[in-house]
Amino acid sequence: MNTAESAYLFRHALLRDAAYQLQLPGDRARLHGLAFEVLETLCGGRPPEPPPLDGEDLPPFQPHPTDRFAAELAEHARLGAEPGGPPTRPAAQILYLRRAAEDSGRRFRPAVTSLLWKRYADLLTGPSRGESLCRAAEAALAGGQGAVAEQLIEESLAVSRQAGHVRLEGMALGLLGTLRYRAGMFDEARRALDGALSLHRRSGHRRAEGTDLGNLAFVHMAAGRREDAERAYIEALAIHRETGNRRNEAILLANLAVQCMETGRAEEAERALEQSLATLRQLGDRRFEGVTLANFARLFHETGRVDKAERTYQEALSIHREVGDRASEGIALGNLTTLCHDLGRFEEAEPLSHRVVAIHRETGNRSSEGIAMANLARLYADTGRPEQAERLYEEALAIHREVRQPRSEGVALGNLGNLYLQTEKFDQAEPVLEQALAIHRRHGYRRSEGVALGTLAVVYRNTGRAELAERTLLQALDIHRSAGNRRFEAVHMCERALCLLALARAPEAAESWSGGAAILRELREEHTLKDLRPGMLAACQAAGVPSLDGAPK
C-alpha cells in the first residue's frame, strides 16, 4: 500500500518527465546546450584536447575542475546536438566522455569506468576504438565482471586485426590471458599470453613485453611449471629495470607475493612484499602502497602474527580512504573482518561484514562481493544460524562460478562442507569437501588444499574411519607447516588427538592436543580451543582416559 508521500513523489516524477517531453525537440536541444555552457563556464572552461588514445607513451591524466561533472557535460552535449544544437557539441561529447572514463578509473569505480569507456568506444573508429574497448575490458576485469570483459576483449581483437594494429592486438591478447588465468584456465591463458608476447616483441614494445612475461610467470607458477615461472619472472624483472619501469617492477613483486601466499610459500611472499613496498614508497605511489600493505597484513594474519596484522590492516585502510580507493578499501576491510572473526570478535565482525558486501556492490566488484558473502555465511555458521549460512554459501558459489574464480569457489565449497560437518550432515559434507579438494589440487592452491584435507579428515573420524582420518590429518599438517598456516596447524593437531584416542594411542594424543592448544593460545584463539574441548572430552570418555588438558570435566 502506497503512503501519501511516496505516491506524491511518483506522480511528481511523471509530471517532470511529461513536462520535459512537451518541449519541442529544438527547444530541448537549446536548453541542454544552455545547461552545457553554464556548467562548463562555472567549472573554469573547457579542458585541453587529450592526445589520441592509440598513441604510445601517453602522458599521465591531468585532472581538471570539469571532471566532477564530465559525464553530465557529455550527456548535455549529446542531447544538445539534436536539431537546433551547435555543431561543435559532438566533439565536446567525445571529450567529456573520455574525461569521465579517465576520472572514474582514477577514483577506482570499475563498473562505471567500464561502461564509460564502452560508451566512448561507440563514438570512435579504428585503433582508438579498440584501445577504448581494451580499457573497458580492463575495468570490467578489475570489477570481477568476467563475461563483460570477455565480450569487450573479443570486440577489441576484431578491431585491432581489421586495422592491422599489432600493439593493440597484443594488448587485447594480454587481457584475454589475464581473464583466462583468473578463471583457472591455465593452458588457454598461456596461449593468449604467448601470442601477446610474440606481437609485442615483433613490434618492439619492451614495456608491454615485460608485463606479458610477468603475467606468464604467474600462469606457469599456478600450473606447477616452476622452472618456466622462474625464467619468465627473472626476464620480466630485467625488462622492467632496463626500461626504468619501477612501478611495474614493484607491482610484479607484489603480485608474485600473492601467488606465493596462495601456493603456500610464506617466506618468499614476505621477501617480495618487502621489496615491493620499499619501491612504492620511494615512488610515492600511495594507492599501491595501500594495496601492498593490505597484502602484508593478510600474510601476517595467515602466519599467526595477529597483532601486527590488525595494525597493518588499519594502516592500509587509512591509505585507501586517503586516496579514495573504495574497491581496495572493501577488500582490506573484508580481510580485517575475517581476522576479527578468527579472534572470536563476532559482534564486531558482523556489521563490518555487511559494510564490506555493500562496498563491493557499490563499486561493482562481483568477485569480491562473492567472497564477502561467503565470509558472512561462515559467520552465520559459527554463530548458530546454519540455514542462513547455507543459503548465503549457495549465493556466493553462484557468483564465484559466474565470474570464474576457482580458488574462491573451492574455499566456499570447503566452508560449506564444514557447515555440513558442524550440523552432522556427513553424507553431504564428504562429497562437497572432495569437490573443494579437487579444485585446490588442480590449480595448485596448497594452503587451501591443506584446510580442505583436514576438514575431510574430521568427517572420516566422525564416520568411524579413524585410521584414514589420522593419515589424512598428517598430510594436512605437512601442508600447513610448509605453508606457514599456524591456525589450521593448531586446529588439526587438536583434531588428530581425537583420532589418536580412538586408536588407543593416548600418550601421542596428549602430546598432539597440548601442542595444538599452545599454538591457539599464542594466536589468541581461546574461543576456538573452547569450541574444540567438548569433542575432546567426549573422546576421552569413550577411550576411558582423563581429560587431555588436565582440567576437570
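1. How many residues has helix α19, and what span does the helix reach from its first C-alpha to its last? This is a predicted model, in which local features need pLDDT of at least 70, side-chain atom pairs count only at pLDDT 80 or more, and totals for chains, interfaces and linings use all residues. Residues are numbered from 1 along each chain as its sequence is written, and side-chain values use heavy atoms, with hydrogens and water left out.

2. Helix α19 (residues 386-402) has 17 residues and reaches 24 Å, close to the 24 Å expected at 1.5 Å a residue (1.5 Å times one less than the number of residues). R404, which follows α19, has a positive phi, near 60 degrees.

3. The axes of α6 (residues 126-142) and α7 (residues 146-163) come within 8 Å and cross at roughly 160 degrees; the axes are lines fitted to C-alpha atoms over the stretch in contact, with angles from 0 to 180 degrees between N-to-C directions. The two helices are therefore roughly antiparallel (over 145 degrees).

4. The contact (heavy atoms within 4.5 Å) involves residues of α6 including L133, C134 and L141, and residues of α7 including L152, I153 and V159.

Methods: Helices (H or I, at least four residues) and strands (E, at least two) are DSSP runs, numbered from the N terminus. Angles under 35 degrees count as roughly parallel, over 145 as roughly antiparallel, 65 to 115 as roughly perpendicular and the rest as oblique.
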